[in-house]
Amino acid sequence: MVMTEVFDKLKNLQSILVKKYDLEKKIDEAPKQLGSQDELLDRMKKEFISKNTEYEVVKAKVMQLRGDLDEVVKSREDGEKSMDNITTHREYEALDKQITEASSKEQDIRKELQKEEKILADLNDNLKSYEAMIKSQETDLNVSKSSLDKELTSYKNELEDLNKKENKIAPDLDQEILFKFQRIIQRNTEGIVAVKNGVCTGCHMILPAQFANEVRKGENILFCPYCSRILFYEETTENEQESYFKLDDAGSLADIDDDEDFDTEDEYEKDEDELSEDEDTEETEESTDEEDEEGDDSEDSESEEDSES
């Protein structure tokens, strides 16, 4: 198979794989779209159960208080009825005490019963509110599930068509190259890119000249040494060439400002003056060193003469 045909097949396969992987990702993530709604519904149901348990406890307490109230009311009324039949002072005192205690207890029970009945009514309202919210949430969730099911069905049908197209192209390609090509697209969405003016258009890195020439020949499938994408050569227009070689983007020496704060000629003259001063200093130091050496020689000769005499 001619390399141009291979490149064309890879380009076609690339568009298919990009759509395929995107659909597979959507299918995998689709259930997560309902996750928040499911969590909210579960939380509402748990809160409903908790409130209902509390409601049942208060309800039982209210029933108990109502029973106690009926007993004390009956005790008070019985005492009041018996007042007409008493014959002694002792019986009167006993009935009066019974009526007084029953009346006091009745008042306490009525107060507590009133408080608990209010709590029970509030809990009942909360339960009704939770029931309505749960019902609404379940309705919304069912609508979302129905919509998602239709969406997933559409995704799967489209994915099936893409798989058919892929199966028509893939068998004609080298399986090892196909494997690498698929992995590259999963990471970068592009598995084959053009080389323009020696630059990989995938990662925008400048390729070695010899390697770029090999890509231009188009004799083998070559991978970018920087981003691992498959490369093919593509001619560039004049406008594209200009965009690749703008001095403004190159950051070259042309960016140096000509209007510096110093004058080039003055600096040059200054450097020359300093150079001449350094030479004069060196000559002076050399002459001084020579004089010192001569002085040392004369002293040595004098000392030799004295020793001979």
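A salt bridge is a side-chain nitrogen of Lys or Arg within 4 Å of a carboxyl oxygen of Asp or Glu. By that criterion, this predicted model holds 16 salt bridges.

**Overall architecture**
- The chain contains 8 helices and 4 strands, arranged along the sequence as α-α-α-α-β-β-α-β-β-α-α-α.
- Of the 309 residues in the chain, 25% are buried.
- Among contacts between residues at least 6 apart in sequence, 73% join residues at least 24 apart.

**Helix α1**
- Helix α1 covers residues 3-33, and its 31 residues should span 45 Å at 1.5 Å a residue, which agrees with the 44 Å between its end C-alpha atoms.
- The helix has a kink of about 30° at I27, shortly before the proline P31.

- K20 and E166 pair through their side chains at 2.8 Å, N to O.
- K20 belongs to helix α1 and E166 to helix α3 (residues 89-169), so the pair ties together parts 146 residues apart in sequence.
- K20 counts as buried because its relative accessibility is 12%, and E166 counts as buried at 7%.

**Salt bridges within helices**
- In helix α4 (residues 175-188), K180 and E176 lie 4 residues apart, about one turn of the helix.
- The closest N and O atoms of K180 and E176 are 3.9 Å apart; K180 is partly exposed at 38% relative accessibility, whereas E176 is exposed at 53%.
- E214 and K217 form a salt bridge at 3.6 Å, N to O, and both lie in helix α5 (residues 209-217).

Terms used. Residues numbered from 1 in each chain as written. Predicted model: local features only at pLDDT ≥ 70, side-chain atom pairs only at ≥ 80, totals over all residues. Heavy atoms only, no water. Helix = DSSP H or I, 4+ residues; strand = E, 2+ residues; numbered from the N terminus. Buried < 20%, exposed > 50% of the residue type's maximum accessible area, 1.4 Å probe, protein only. Contact = heavy atoms within 4.5 Å. Expected span 1.5 Å × (residues − 1). Bend = angle between axes of the 7 residues up to and from the residue.
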